[in-house]
Amino acid sequence: MASQLEITGLQVDFGGFKAVNNLSFSVARGELLCLLGPNGAGKSTTLDLICGKTMPTGGRIAFEGEDITFLPEYKRARCGVGRKFQVPSVFKELTVGENMEVARSQRSGLMATLRIFASDMNGPIKGILQRVGLFELRKEKAANLSHGQTQWLEIAMLLAQNSKLLLMDEPTAGMTIQETQKTAEIFNALKGEHTIIVVEHDMQFVRKVAERVTVLNQGSVLAEGSIAEIETNAAVKIAYLGH
Ligand SMILES: Nc1ncnc2c1ncn2[C@@H]1O[C@H](COP(=O)(O)OP(=O)(O)OP(=O)(O)O)[C@@H](O)[C@H]1O
């Protein structure tokens, strides 16, 4: 399978401290990759570098064959790189459906948005809300959603922006067991069609969704493999226990 995302020798230096240090890995189109590692390993910083929130001090990031290493964040979003942060950024006073329309407008422009507002919910948005189980709640204010539902709305908003690569930072943090289970089902339904990189500490969740796991330590790749391989890897055990 051809790589959709290629990271080569990536580095970021925060005042002399290399949070990401000669990092190289690639992700195939439609693959779901879990990024694991002890606290401070550089997982969130790696997502920041891929989405353009942080600029690297060395190395290269290529997405669909295009060098995006120093592209500003909004241009990467246009290329199809979508980032979901730990704190959801939905509009609490708008309904679920209106949030989706705002997200879609970031792709289609203001006039198209006004047309959408004037019409009933259109096909693509309806389909996306059905995929994350929020279609029945389309007229509900986002402020009234549960924590899990708010996270799913944000994922749906990334899908409405036509994100091809979804970067998820601890998506199940604060979720109930049932919400975590549903999130695993959503991710399993999205992979194949969307490429997903997920940073997650919940190993139960990782076991349910991960096809491949990359473990970071001190800003570099410590190990790569299936979840079974990673769980029996001696270097990984030392990195976690040593922390
Ligand atoms: N803007 C910054 N300036 C200075 N140091 C930073 C900055 N951002 C992150 N760091 C440091 O870089 C290291 C990696 O941080 P990062 O948040 O990427 O780790 P992580 O693997 O996501 O950890 P966690 O699992 O605890 O979220 C940490 O030591 C952190 O303190």
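A crossing of two helices is termed right-handed if the near helix is turned clockwise from the far one by less than a right angle. In the predicted model described here, the crossing of helix 5 and helix 6 is right-handed. The axes of helix 5 (residues 123-131) and helix 6 (residues 147-160) come within 9 Å and cross at roughly 145 degrees. Helix 5 contributes Ile 125, Ile 128 and Leu 129 to the contact, and helix 6 contributes Ala 156, Leu 159 and Ala 160. By class, the residues of this contact comprise six nonpolar, no polar and no charged.

The mean pLDDT of the protein is 90, and 91% of the residues score at least 70. The highest confidence falls in strand 4 (residues 58-63), with a mean of 97, and the lowest in helix 4 (residues 110-118), with a mean of 52. Where pLDDT is low, predicted coordinates should not be read in detail. For the complex, the predictor reports an ipTM of 0.95 and a pTM of 0.90.

The model contains an open sheet of four strands, arranged in the order 2-1-4-5 with antiparallel pairing. Strand 1 (residues 3-14) runs antiparallel to strand 2 and is joined to it by eight bridges. Within strand 2, Val 27 stands opposite Leu 5. Helix 1 packs on this sheet, where it touches strand 1, strand 2 and strand 4, and its direction makes about 65 degrees with that of strand 2.

An open sheet of six strands is also present, in the order 6-7-8-3-9-10 and with mixed pairing. Here strand 6 (81-84) and strand 10 (220-225) stand at the edges, and because each has a single partner strand, one side of each lacks a neighbour in the sheet. The twist from one strand to the next averages 20 degrees. Strand 3 (residues 32-36) pairs with strand 9 (residues 212-217) in the parallel sense over four bridges, and Cys 34 has Val 213 of strand 9 as its bridge partner. Strand 9 also pairs with strand 10, in the antiparallel sense and over five bridges; in this pairing, Val 213 is partnered by Gly 225 of strand 10. The two strands form a hairpin with two residues between them, and Gln 218 in the turn has a positive phi of about 50 degrees.

The shell around the ligand consists of Phe 14, Phe 17, Ala 19, Gly 37, Asn 39, Gly 40, Ala 41, Gly 42, Lys 43, Ser 44 and Thr 45. Two or more residues of the shell are given by each of strand 2 (17-28) and helix 1 (43-51). The greatest contribution is that of helix 1, with three residues. By class, four residues of the shell are nonpolar, six are polar and one is charged.

Note on methods: Residues are numbered from 1 along each chain as its sequence is written. This is a predicted model: local features need pLDDT of at least 70, side-chain atom pairs count only at pLDDT 80 or more; totals for chains, interfaces and linings use all residues. pLDDT is the predictor's confidence in each residue, from 0 to 100. Axes are lines fitted to C-alpha atoms, for helices over the stretch in contact, and angles run from 0 to 180 degrees between N-to-C directions. Two residues are in contact if their C-beta atoms, placed from the backbone, lie within 7 Å. Ala, Val, Leu, Ile, Met, Phe, Trp, Tyr, Cys and Pro count as nonpolar, Asp, Glu, Lys and Arg as charged, and the others, Gly among them, as polar. A residue is near a molecule or strand if its C-beta atom, placed from the backbone, lies within 6 Å of it. Two strands pair if DSSP finds at least two bridges between them.
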